[in-house]
Amino acid sequence: RISPYFWKRLAIMGAIAAAVIFTMVIFFRVSTIEVVGNQYYSAAEIIEKCGVARGDNLLTLSRGRIAGNIMENLDYVKSVKVARRLPDGIVLTVTEYPATYAVTDVLGDHYLITADGKAMEKVSAEEAQEHILIADVVIKTPVLEGLIEVYAEEGKEVKAKGQFTALTTLLAELEAAELIRQVASVSVPTSYSISVQYGDRFGVELGTTDQLDYKLELLKEVISGEPTYATGSIDLTLEEGSSPIVRLN
């Protein structure tokens, strides 16, 4: 015989379980998704690929599946840590591979380098086209994982060092200004004559690396004020305190 006490305990346990399920259904709904550590991809891009929608139940989400969704769809993401932030948020902490840029060595081979000048891998001409291209700089055949050296004819070693410094400064500032997704190529023929190609729209003259962070912020401001179909050139050398010069095609 089952005692009344057993049924009473069973009813209490059922009521608790029902309350827990009710709480999970009504509360703990995702309303905020925060992205930390991203640089190459925007927070919006990462959120779009994570597979979580606002209103999903926070407690039943698979953190492994969320991380897998992001890494499967975004090639520059190396790892993702997913954390719940009760009562209604998740935090996606993203680690990205370093952004890389394509440069040519004296033999005509193509290498990918990081913003600080480290050679990462040798690639084909076709693969190089998928990265920001570095023009007017030729490097010595590099040792992978080592710093590149700009090739210089005898007597022009100082110029080559200036090119290297200008190049790495430019790449670092492009990353800091979050412009690496918009820039198609950079040109550093000398340390005082650097330029970038902004997509297929504008050739941008930057002059020297002086005030480069300001110039790049000014570039974003100038482009935001132009129609989306506008093409041409932008002079941001700012010589003698001059203003930007925009020439439309």
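Here is a short tour of a predicted model, from its confidence to its sheet and one of its loops.

## Ground rules and confidence

In this predicted model, local features need pLDDT of at least 70, side-chain atom pairs count only at pLDDT 80 or more, and totals for chains, interfaces and linings use all residues. Residues are numbered from 1 along each chain as its sequence is written, and side-chain values use heavy atoms, leaving out hydrogens and water.

The chain's mean pLDDT (the predictor's confidence in each residue, from 0 to 100) is 90, with 91% of residues at 70 or more. Confidence is lowest in helix H1 (residues 4–26), with a mean of 64, and highest in E9, at 98. Helices (H or I, at least four residues) and strands (E, at least two) are DSSP runs, numbered from the N terminus.

## The sheet

Nine strands make an open sheet with mixed pairing, in the order E6-E5-E4-E7-E8-E9-E10-E11-E12. Strands E6 (119–123) and E12 (245–248) are the edges, each pairing on one side only; pairing takes at least two DSSP bridges between two strands. Neighbours in this sheet are turned by 20° against each other on average, direction ignored.

Helix H6 (residues 212–224) lies across E9 (194–198), E10 (202–207), E11 (232–235) and E12, running at about 155° to E10. Axes are lines fitted to C-alpha atoms, for helices over the stretch in contact (heavy atoms within 4.5 Å), and angles run from 0 to 180 degrees between N-to-C directions.

E4 (residues 101–105) and E5 (residues 110–113) run antiparallel, joined by 4 bridges.

Glycine 108 sits in the loop between E4 and E5. Its C-alpha is 9.4 Å from that of threonine 141, 33 residues away in sequence. Glycine 108 counts as partly exposed because its relative accessibility is 38%; buried means under 20% relative accessible area, exposed over 50%, and partly exposed in between (1.4 Å probe, protein chains only).
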